[in-house]
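Reader: I would like to learn how to read charged side chains in a model like the one below. Could you take me through them step by step?

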Amino acid sequence: MGGAPYTPGSDADFDRLYRESYGRILVTLRAMLRNTADAEDCAQETFASAYRAWSSWKPDAPAEAWLHRIAINAAISHRRRERLRQPLELVRRLGHPAPPPE
């Protein structure tokens, strides 16, 4: 966690935040998702979301804590999508049930 404070909206500060926190964000996501590829996807989503919101970030909380909240939300959303995808994938593989006999 860096020395100098971050300025919301500063591209240079966001780059520094990325370099200083990416590894810890990835560790958190790996622990939550137990899958490196999914964790990397969520890390990418985390930083893309954070960058879009960077100019409105309020420095009343540490920037890395803000990033971790975004990462945790990304992991939760990812798990929800995966749970929804499982029954849909099963239906896709098996086909839709036949209509009941008349």
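Author: In this predicted model, Arg-16 has a relative accessibility of 14% and therefore counts as buried, since the cut-off for that word is under 20%.

Reader: Which residue forms a salt bridge with Arg-16?

Author: The general idea comes before the case: side chains of opposite charge can pair when their charged atoms come close. Here Arg-16 forms a salt bridge with Asp-13, and the closest N and O atoms of the two are 3.3 Å apart. Both residues belong to helix H1, which covers residues 11–33, and they are three residues apart, or about one turn of the helix. Asp-13, at 12% relative accessibility, counts as buried.

Reader: How many salt bridges does a search of the whole structure find?

Author: The search finds three. One of them joins the side chains of Arg-24 and Glu-64, with a distance of 2.7 Å from N to O. This pair links distant parts of the chain, for Arg-24 lies in helix H1 and Glu-64 in helix H3, 40 residues apart.

Reader: Are Arg-24 and Glu-64 buried or partly exposed?

Author: Arg-24 counts as partly exposed because its relative accessibility is 34%, whereas Glu-64, at 8%, counts as buried.

Reader: Where do Arg-81 and Glu-45 lie in the chain?

Author: The side chains of Arg-81 and Glu-45 meet in a salt bridge, at 3.7 Å from N to O. This pair, too, links distant parts of the chain, with Arg-81 in helix H3 and Glu-45 in helix H2 (residues 36–53), 36 residues apart. Arg-81 is partly exposed at 36% relative accessibility, and Glu-45 is partly exposed with a relative accessible area of 32%.

Reader: How should I read a patch of positive charge on the surface, and which residues gather in it?

Author: For such a patch one looks for residues with over 30% relative accessible area and no salt bridge, whose like charges are joined within 9 Å. In this structure Arg-34, Arg-79, Arg-80 and Arg-83 gather in a patch of positive charge on the surface. Arg-80, for example, lies in helix H3, which runs over residues 63–94. With a relative accessible area of 48%, Arg-80 is partly exposed, and so it passes the 30% cut-off that a patch residue needs.

Definitions and conventions: Residues are numbered from 1 along each chain as its sequence is written. This is a predicted model: local features need pLDDT of at least 70, side-chain atom pairs count only at pLDDT 80 or more; totals for chains, interfaces and linings use all residues. Side-chain values use heavy atoms; hydrogens and water are left out. Patches are made of residues with over 30% relative accessible area and no salt bridge: like charges are joined within 9 Å, nonpolar side chains (Val, Leu, Ile, Met, Phe, Trp, Tyr) within 5 Å. Accessible areas come from the Shrake-Rupley method with a 1.4 Å probe; for residues, only the protein chains shown count as cover. A salt bridge is a side-chain nitrogen of Lys or Arg within 4 Å of a carboxyl oxygen of Asp or Glu. Lys and Arg count as positive and Asp and Glu as negative; His and the chain ends are not counted. The place of a charge is taken as NZ of Lys, CZ of Arg, CG of Asp or CD of Glu. Helices (H or I, at least four residues) and strands (E, at least two) are DSSP runs, numbered from the N terminus. Buried means under 20% relative accessible area, exposed over 50%, partly exposed in between (1.4 Å probe, protein chains only).
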